[in-house]
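Thanks for making time this morning. I would like to walk you through one structure, slowly, and to give the cut-offs as we go.

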Amino acid sequence: MAKRERSGFAPPALGGSSLLVVFAVLCLTVFALLSLSTVRADSRLGEASAKAVTQYYGADAQAQEILARLRLGEQPQGVENSGDIYFYNCEISPTQELVVTVWVKDGDFEIYEWYTRATGEWTPQDRIRVWNGE
């Protein structure tokens, strides 16, 4: 038998277990990045939700204050009336408002309407972007 001479450099042995470990590390890295992006998106959604709730309840408190003043016999600025029925709006955001219609007479009251309404302009999409093969 002929003797083989070994050179000083031997490439590292990449067996099946080494490839499996490399694949597992890559998978864990991808899952970690996906988790991070999900956390960031959830954080942004939570902040937007908190802002919307704060704005709504601010407008609701303002509407309650106006109702209390109406019950005391005052008519605040911006409140319209038709007999004993009063109409007023409280801005929630630049695109929403709280609409209130209430009957008030001698300190008694009955709420006819208390809802949010969109005030922004809505433009429908007339076209659907379809891939044309290019």
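What follows is a short tour of selected contacts and surface features.

Please keep in mind that this is a predicted model, in which local features need pLDDT of at least 70 and side-chain atom pairs count only at pLDDT 80 or more, while totals for chains, interfaces and linings use all residues. Residues are numbered from 1 along each chain as its sequence is written, and side-chain values use heavy atoms, with hydrogens and water left out.

Let me begin with the strands. Ile 85 lies in strand 2, residues 85–93, where strands are DSSP runs of E with at least two residues and helices are runs of H or I with at least four, numbered from the N terminus. Between Ile 85 and Val 102 there are 5.6 Å from C-alpha to C-alpha, although the two are 17 residues apart in sequence. Leaving aside residues up to four places away in sequence, Ile 85 touches Thr 101 and Tyr 112, among others, contact being heavy atoms within 4.5 Å.

Thr 101 itself sits in strand 3, residues 96–105, and counts as buried because its relative accessibility is 7%; the classes are buried under 20% relative accessible area, exposed over 50% and partly exposed in between, with a 1.4 Å probe and protein chains only. Its side chain makes a polar contact of 2.8 Å with that of Glu 113, the term meaning a pair of N or O atoms within 3.5 Å, where within protein one must be able to donate a hydrogen and the other to accept it, and residues adjacent in sequence count only if both atoms are side-chain atoms.

Turning to charges, the count is 2 salt bridges, each defined as a side-chain nitrogen of Lys or Arg within 4 Å of a carboxyl oxygen of Asp or Glu. One of them joins Arg 69 to Glu 74, with the closest N and O atoms 3.0 Å apart. In the pair of Glu 97 and Arg 117, the closest N and O atoms are 2.4 Å apart. This pair links distant parts of the chain, since Glu 97 is in strand 3 and Arg 117 in strand 4, residues 108–118, 20 residues apart. Glu 97 counts as buried at 15% relative accessibility, whereas Arg 117, at 34%, is partly exposed.

Finally, which class does Leu 34 fall into, buried, partly exposed or exposed? Leu 34, which belongs to helix 1, residues 16–71, has a relative accessible area of 48% and is therefore partly exposed.
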